[in-house]
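I opened my notebook to look over a structure that was new to me. Come along and read the entries with me.

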Amino acid sequence: MSLRVRNLVFRYRAFELRVGGLAFEESRLTVIVGPNGAGKTTFLKCLAGLLPVPKGAIDLDGRDLVSLGEPERARRLAFVPQEHGAAFNYSVLDFVLMGRTAHLPLFASPSAEDVRIAEEALSFVGFSAYASRPHFQLSSGERRMVLIARALAQQTDLLVLDEPTTFLDPRHEAEVMDLARKLAAERRKTVVMTLHNLDLAVRSADEMVFMKNGRVVSSGRPEDVLTENLLTRVYDFPMTLFRLEGRTFVLR
Amino acid sequence: MAARRKRFLTAFLLVLPFAVFLASLHVGTSQISPGLLFKTLLSPLFPSWKAAIPPSTFDIVFAIRLPRLLLALAVGAALAVSGASLQSLFKNPLVNEYILGISSGAAFGASLSFVVFGSRVPPQISSFAFAVLAVVLVLAISRRSDSPVVSVLLTGVIVSAFFSALLSLVEYFASPYSLQALFFWLMGNLWKSGWADLAVSLPLIAAGLAVLLFMRWRFNVLSMSDEEARSLGVRLRREKLVVLVTTTIITAAATSVAGIIGWIGLIVPHLVRMIIGVDNRRVLPLSAALGATVLIVADDIARSLAAFEVPVGIFTSLIGIPLFIVLLRKAGKVWR
């Protein structure tokens with residue numbers, strides 16, 4: 001399933017986000033980078049239908065995003081926030097089960113099949129053993145995995161993740177990125193995420209999008225677009241690319 | 001093992017109100033033996049038994065105790081389920097069933113009936129009308145706002161204060177006699193309940209409870225942040241409205257016949273969460289069961305403690321507040 005951005009404009013006070021001519025394709029992992037305040041999270045929330053966008057701005061597999069109701073949209077696209085906003089201490093499984101919301105009518109409770117799907121999502125992220133744990137006990141890295149499992153339980157073709165690796169130690173960071181790669185490569189999902197860690201971005205991304213001041217500065221495959229000049233321009237900060245044994249590192 | 005214990009506790013709590021209900025048919029100033037009570041209850045089905053039952057016993061059971069207990073059952077369940085629902089909707093375990101101004105709206109409505117209208121408008125009708133009006137005002141005022149949850153709660157406080165001021169104004173001009181009737185109503189009691197009260201309130205409460213109980217799992221999702229709930233596929237505006245309208249109807253229906261009975265909607269859902277966990281698939285039905293049980297028992301105490309009636313609302317507060325202090329200390333396990 002593809003996600004196309006035609007001519008998206010979103011204004012909030014003095015800030016203006018203006019993005020056009022961008023497409024996210026099936027089986028591809030796209031990483032959006034840029035300095036703080038570039039509008040990355042705002043852009044993601046527009047993609048996820050959480051902020052009001054103009055008609056015809058975003059096209060989700062041939063349908064205008066604006067024309068889709070909440071449940072319809074949530075069956076096609078799952079959004080993984082940086083943190084959850086739960087006020088009550090649900091068990092991990094109950095938490096992941098909430099991913100089934102869009103598939104259930106208002107007056108229904110999850111069926112055995114829904115529970116099976118949630119358990120499968122937990123096992124995909126390697127957290128089956130956590131099912132009955134209260135989720136307030138989890139570390140932030142573990143919570144991130146559970147949030148991803150909840151998005152998987154939504155069974156969507158599109159996954160949008162907001163900085164899924166911030167506050168994570170190197171191991172958890174690598175685990176989250178491996179998972180994202182696996183979802184694109186094995187499950188043919190369209191994966192879009194924002195990242196601050198440029199090394200991680202360069203290493204994992206099929207496509208990269210560079211943002212600054214609410215605009216896309218450049219986009220494409222990292223090997224095609226990534227230059228010291230571009231990075232320095234995007235971050236207003238001198239940066240160096242360093243290549244070693246076929247891998248690219250970004251140095252300050 | 002833990003799962004088995006949970007199932008046992010769930011079954012026990014669900015049966016409890018019915019056991020307490022039957023036992024409470026015995027409570028009252030006139031002694032009725034279990035055998036006679038049994039016969040009286042079933043006598044409408046077996047007309048031949050009627051001859052053996054004294055007419056006074058028949059009246060006590062059918063005209064006094066049965067409607068009162070049914071009302072206690074319905075009101076207790078309504079208040080507890082309303083509280084549990086609103087706590088999830090507002091993502092705040094300290095919210096109660098009166099948070100949107102229902103109690104002060106109802107109190108002002110009742111004061112108009114007792115003091116201004118005399119008996120021309122019954123307190124049930126005018127308190128129901130003003131309880132609903134208070135919530136409508138809260139929702140209308142808070143509609144244009146960036147942060148819906150905070151602003152709804154804040155507006156609730158403001159509208160409540162306004163109706164309390166109006167209530168004081170009416171009280172100031174009231175005669176001592178009407179003031180006494182009003183105070184008795186405000187303290188919350190099931191004293192005057194008869195079939196006429198039940199005929200209106202019971203269907204409203206039953207229908208509202210059915211709606212909330214059917215959507216019980218949805219409350220898990222609604223208790224997430226608004227943005228998260230939307231991203232998971234919740235039509236937030238519509239579903240919030242369903243919950244607000246339904247809880248308002250059942251709380252107003254309960255308050256209009258029973259007066260203001262405090263603390264049930266706050267304490268009962270808490271107790272349930274401590275016993276069985278926070279999953280609303282269990283919290284809502286068990287809140288209904290425990291709320292009904294608590295109010296039936298409190299009303300038993302209210303009508304048997306002294307030779308005269310003590311308003312039951314006093315007992316729910318007297319028991320509820322110390323219990324709440326204890327619960328607050330243990331609260332960390334359930335919410336943060």
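Before anything else, I settled what a contact is: two residues are in contact if their C-beta atoms, placed from the backbone, lie within 7 Å. With that in hand, I looked up chain A and found that residues 24 or more positions apart account for 65% of its contacts with a separation of 6 or more.

A note on what I am reading: this is a predicted model, where local features need pLDDT of at least 70, side-chain atom pairs count only at pLDDT 80 or more, and totals for chains, interfaces and linings use all residues. Residues are numbered from 1 along each chain as its sequence is written, while chains are lettered from A and ligands numbered from 1 in the order in which they are written.

**Chain A**

I looked up the secondary structure and found nine helices and 12 strands in chain A; helices (H or I, at least four residues) and strands (E, at least two) are DSSP runs, numbered from the N terminus. The C-alpha atoms of chain A fill a box of roughly 55 × 45 × 35 Å along the principal axes. I also saw that 43% of its 252 residues are buried, meaning that 20 or more other C-beta atoms, placed from the backbone, lie within 10 Å of a residue's own.

**Chain B**

Here I found 14 helices and zero strands. The C-alpha trace of chain B spans about 65 × 60 × 35 Å along its principal axes, and 48% of its 336 residues count as buried. In chain B, residues 24 or more positions apart make up 77% of the contacts with a separation of 6 or more.

**Where the chains touch**

How many residues of chain A are in contact with chain B? I found 26 of them, facing 27 residues of chain B. Helix 2 (residues 70–74) of chain A gives the largest share of chain A's side, three residues. That side of chain A divides into 16 nonpolar, seven polar and three charged residues. For these classes, Ala, Val, Leu, Ile, Met, Phe, Trp, Tyr, Cys and Pro count as nonpolar, Asp, Glu, Lys and Arg as charged, and the others, Gly among them, as polar.

**A helix pair in chain B**

My last entry is on helix 8 (residues 195–214) and helix 11 (residues 236–258) of chain B, whose axes come within 9 Å and cross at roughly 150 degrees. Axes are lines fitted to C-alpha atoms, for helices over the stretch in contact, and angles run from 0 to 180 degrees between N-to-C directions.

Notes. A residue is buried if 20 or more other C-beta atoms lie within 10 Å of its own, exposed if 12 or fewer, and partly exposed in between; C-beta atoms are placed from the backbone.
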